[in-house]
Every structure is written in C-alpha cells, then in structure tokens.
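How are two packed helices described? In general, they are described by the angle between their axes and the distance between the axes, and the paragraphs below follow that approach.

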Amino acid sequence: MLTLLAVLLLVNAAFNAIVWPRFLKRIADDPRARDASGRRTPFYTVHLVLISAALVIAAVSAVAAIVALLVG
C-alpha cells in the first residue's frame with residue numbers, strides 16, 4: 001500500500017512539474033499579463049503565485065514519495 005501511495009505521489013509531482021511551467025509561459029504571453037507600460041498586472045501575479053504553490057506541492061510530493069519508497 002505504501003508503494004502505491006509513493007507511486008501516486010510521484011505521478012502527481014511529475015504532472016505538476018511538466019504542466020505548470022508550460023502554463024506559466026502561456027500566462028506570460030497573454031496580453032492581460034502586462035499593462036500598457038509593460039509592468040506585470042495582478043492577472044500575472046495571481047497566476048505566478050498559484051503556479052509557484054503547485055510547484056512547491058510537487059516538490060513536497062516528490063520528497064514524500066522518495067521517503068515512502070525508502071521506508072517501505
């Protein structure tokens with residue numbers, strides 16, 4: 001059971017590490033990401049915070065999976 005949980009956590013980490021950076025690129029290219037003077041808008045900032053949180057969760061999931069695999 002612990003191995004199954006570890007695999008699930010690794011899949012979660014891989015998914016987040018693959019998907020969210022690509023999404024950030026799309027957000028950066030979105031016209032709503034910058035105002036007329038080129039400064040970042042709240043649209044960009046909110047998405048950056050959300051993506052950063054997802055990547056932190058991915059890192060924690062990867063570490064937890066490795067620990068679970070080593071313990072189990």
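In this predicted model, the axes of H1 and H2 come within 8 Å and cross at roughly 155°, where axes are lines fitted to C-alpha atoms over the stretch in contact and angles run from 0 to 180 degrees between N-to-C directions. Because of that angle, H1 is roughly antiparallel to H2, a term used for angles over 145 degrees. The contact of H1 with H2 (heavy atoms within 4.5 Å) is made by residues that divide into 25 nonpolar, 5 polar and no charged.

The model is predicted, and local features need pLDDT of at least 70, side-chain atom pairs count only at pLDDT 80 or more, and totals for chains, interfaces and linings use all residues. Residues are numbered from 1 along each chain as its sequence is written, while side-chain values use heavy atoms, with hydrogens and water left out.

Helix H2, residues 42-71, has 30 residues and reaches 43 Å from its first C-alpha to its last, close to the 44 Å expected at 1.5 Å a residue. Along H2, the residues Tyr44, His47, Ile51, Ala54, Ala58, Ser61, Ala65 and Ala68 are buried (under 20% relative accessible area, with a 1.4 Å probe and protein chains only), and the buried residues of H2 pack against helix H1 (2-29).

Turning to the partner, H1 has 28 residues and reaches 41 Å from its first C-alpha to its last, close to the 40 Å expected at 1.5 Å a residue. Its buried residues are Ala6, Ala13, Asn16 and Ile27, and the buried residues of H1 pack against H2.

Note on methods: Helix = DSSP H or I, 4+ residues; strand = E, 2+ residues; numbered from the N terminus. Expected span 1.5 Å × (residues − 1). Buried < 20%, exposed > 50% of the residue type's maximum accessible area, 1.4 Å probe, protein only. Parallel < 35°, antiparallel > 145°, perpendicular 65-115°, else oblique. Nonpolar A, V, L, I, M, F, W, Y, C, P; charged D, E, K, R; others polar.
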